Amino acid sequence: MARRSMRLVEYGKPFQLTKEEVPTAPKGGAVVKNEYAGVCHTDAHSADDEFSGLAPLKCVLGHEMAGTIVKIDSSAGLKVGDKVIVYWHGGCGGCSRCAVGETTACLKDVKHWAGITEDGGFSDYVVIPDAKLLVKVPDTVAMDTACLLPCSGLTAYNAVCKMLPTVQDFAKHSADCAVLLVGAGGLGLWGIQFAKQLLPAGVRVISADVDNEKLAAAKEAGCDEVLLWGKDVDDDTAVAAAKKACGSLGAVVAAIDFVNVPATFGRIENILATGGMHVLVGLLGVGASGSVPLMMYVLGRHQMGSVLMGSLPQLKDLMALMAQGKVKPPPISHHPLDNVYDVLQDLKAGKVKGRAVVKL
């Protein structure tokens, strides 16, 4: 059984198409025939070596995958022919964190990350060492949508869960609460819908972005207000407009930064209510720093947390939510495997509206 793969052969350079036999899955593992693979900003960071060698040369990137099982260990709870997605963030598999599906916090810091440290989804077939990392896709969820859930969907879902207790507490004491989501790309569009599903009724969702087209998509996704943070909008103007959009509180009770660069970091801190939650998600700041006045941070009782994807149980919860049909995916464009590097460049340039996926 042969496969085509787009391999990373030099950082910052186009991938190389290779043809080879599909490796045999180890005991307890599986082989999945890939149908769709999401093209994610994480792939761009890996391709440009912004993770300092975490993605080795010769590997196959692509960590958002959906396909059909063609081989699987008989001890697994799935079977050949099942449609599945891959929870790509594997750990050692033996520690107490891994045992409960919290492999991002593996106590041995083992990183079996399909599409980053090991071969992933920019290929016809992918080998999954641990079949427990596969999640069955119900008939009500399209496979091009399903492939987006293990990274962008799960990250946005977890980010909303992260701010949920804070928002619930504020909503007990005020009928006029608002949250801010910065970035209206693929993650932001997921986030808007998850916020509408998970947050208390009546909480308004505000979206900020530098692109009017993306803000139009945010409105279609269900957000209540949009803020244009273009290059000609200074910090004072951006903060004042956001506070005005927040209603009687004059501040957001929580914010998720899907961009996470110094400018967005600083603006959120100036928009956040006393006791509000600031959730950091985006990786676009790379090595840049964000700063807050320490005394005012304490006096303002601000909270801050970061999100790296989510757990395997959360992915299963998310799949169950998607199966209900209450959440629509962002706009999805399909691309051939041979064009994946060009799609990554478009993604880096901000030219992708919604999400791009490779159709295999």
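**Helix packing and pockets**

Helix 4 and helix 10 lie roughly perpendicular to each other. In this predicted model, their axes are 10 Å apart and the packing angle is about 95 degrees. Angles from 65 to 115 degrees count as roughly perpendicular. From helix 4, the contact uses Leu149, Pro150, Gly153, Leu154, Tyr157, Asn158 and Cys161. Helix 10 answers with Gln314, Leu315, Asp317, Leu318, Met319, Leu321 and Met322. Sorted by class, this contact of helix 4 with helix 10 has ten nonpolar, three polar and one charged residues.

Helix 10 (residues 312-323) also packs against helix 5 (residues 186-198), where the axes come within 13 Å and cross at roughly 80 degrees. Helix 5 is therefore roughly perpendicular to helix 10. Here Trp190, Phe194 and Gln197 of helix 5 meet Leu318, Leu321 and Met322 of helix 10. The residues of this contact of helix 5 with helix 10 are five nonpolar, one polar and no charged.

Along the principal axes, the C-alpha atoms fill a box of roughly 65 × 40 × 35 Å. The radius of gyration is 20 Å, which agrees with the value near 21 Å that a compact globule of 360 residues would have.

Next come the open spaces. Rolling a probe the size of a water molecule over the atoms shows where empty space is left. The largest pocket holds about 1100 Å³ of space. Its lining comprises 47 residues, and those nearest the centre of the pocket are His41, Leu187, Phe258, Gly282 and Leu284. At least two lining residues come from each of helix 1 (41-47), helix 4 (149-173), helix 5, strand 11 (204-209), helix 8 (262-271) and helix 11 (340-348). The lining of the largest pocket has 27 nonpolar, 15 polar and five charged residues.

The second largest pocket contains about 530 Å³ of space. It is lined by 30 residues, with Gly90, Pro129, Asp130, Lys132 and Leu133 closest to its centre. Helix 2 (96-99), strand 8 (125-128), strand 9 (134-136) and helix 10 each give two or more residues to this lining. By class, the lining of the second largest pocket divides into 17 nonpolar, six polar and seven charged residues.

Terms used
Residues numbered from 1 in each chain as written. Predicted model: local features only at pLDDT ≥ 70, side-chain atom pairs only at ≥ 80, totals over all residues. Heavy atoms only, no water. Axes fitted to C-alpha atoms, helices over the stretch in contact; angles between N-to-C directions. Helix = DSSP H or I, 4+ residues; strand = E, 2+ residues; numbered from the N terminus. Parallel < 35°, antiparallel > 145°, perpendicular 65-115°, else oblique. Contact = heavy atoms within 4.5 Å. Nonpolar A, V, L, I, M, F, W, Y, C, P; charged D, E, K, R; others polar. 1 Å grid on protein atoms, 1.4 Å probe; cavity = no way out; pocket = protein on both sides within 12 Å on 5 of 7 lines; lining within 4 Å. Points joined across faces, edges and corners; volume = space filled by probe spheres on them. Rg over C-alpha atoms; globule rule 2.2 N^0.38 Å.
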